[in-house]
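Please look at the sequence and the 3D structure below, and keep both in view while reading.

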Amino acid sequence: MATVTVVYHSPSGHTRALAERIAHGAKSVPGTEVRLAEIAGHQVREGRWSDEAIMESLRESDAIVFGAPTYMGSVSAVFKAFLEAGFYPFLGQEWKDKLAGGFTHSASQNGDKLFSLQQLAVFAAQMNMQWIPVGDAAGNNWTGGTVHDVNRLGSWLGVMGQTNVDEEPGVVSAHGDLVTAERYGARLAELTARWIHGRDYEVQRHTLEGYREISARSAADAKARVERAAEAA
C-alpha cells in the first residue's frame, strides 16, 4: 500500500476543492491510501506552526502534495509557517526521497502563482524529495479552447486554479482546473506505486488531438454540471 498525503491551507475553500480532487484522482489508483491534512490558523502560536498528528502522518507518507493559496505573490503566511516547521524533519532528512508535488489557487488569471509553486518545489528540494510535474499539455491556447480545458492555465511545475472574486467561497468555477487536479492526483499515485513498490508503469503520451478530446469531455461535463444545478434549483 502506497500512502499519498495532500496537505493544504484553504481559508476560502478554493484550495480545498483542488485538494479534494487531487485526493480523488489518487484514490482511483489501486493500492493507494490517500490522506487529507488541512493546515489552519489555530495551529500557529506565537508565529510557530505545530501539529504533531499531521507531522506523524507526513512521516508515514510515501508522497506529499503541498497546496496553498497565492496571496500577494507567495504562499499564504499560515502555510509558510507550516513549511518552516519542516526544519525539524529537514535536520534528520526524514522526508528524503519521498515524492512531492504542489498546487495553488488565486483570483487572478496569473496572480504570480508560478512563484508559489517555485516556493513549494524549492522547499521539496531542500527536503531532498523528488518533485513530480503536471504531465499534461497546455489547454485553452487555441481558438476552440475554453476555461474548461485541461491545464488551461498552462502550468507544468504544479497545478494552478483560478476563481473569480465575485464567486462563492469554495467554488472552483473552471471545471478544467478540477479535472487537471484529478489527473495530477492519479499521476502522483501511479508514480508513487512505481517508486515505492516497483509497480509496472506505462508512460501516457497524448497527441494534440488527444488532449483536445480530453478537454472537450471536460467542457461537456461542466455543461452537464450547470444543467444539473439548474434543475435542482
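Glutamate 46 lies in the loop between strand 3 (44-45) and strand 4 (48-49), where helices (H or I, at least four residues) and strands (E, at least two) are DSSP runs numbered from the N terminus. The model is a predicted one, in which local features need pLDDT of at least 70 and side-chain atom pairs count only at pLDDT 80 or more, while totals for chains, interfaces and linings use all residues. Residues are numbered from 1 along each chain as its sequence is written, and side-chain values use heavy atoms, with hydrogens and water left out.

Most residues other than glycine have a negative phi. Glutamate 46, however, has a positive phi near 50°, and with 83% relative accessibility it counts as exposed; buried means under 20% relative accessible area, exposed over 50%, and partly exposed in between, using a 1.4 Å probe and protein chains only. Aspartate 112, in the loop between strand 7 (99-106) and helix 5 (113-126), also has a positive phi, near 55°, and is partly exposed, with a relative accessible area of 49%.

When residues up to four places away in sequence are not counted, serine 76 touches His9, Ala68, Pro69 and Tyr71, contact meaning heavy atoms within 4.5 Å.

Helix 6 has 23 residues and reaches 33 Å from its first C-alpha to its last, close to the 33 Å expected at 1.5 Å a residue, the expected span being 1.5 Å times one less than the number of residues. Just after helix 6, glycine 198 takes a positive phi of about 65°.

Grid points are joined across faces, edges and corners, and a volume is the space filled by probe spheres set on the points. There are two cavities of 30 Å³ or more. The largest holds about 80 Å³, and its lining includes Trp142, Asp149 and Tyr211.

Conventions
1 Å grid on protein atoms, 1.4 Å probe; cavity = no way out; pocket = protein on both sides within 12 Å on 5 of 7 lines; lining within 4 Å.
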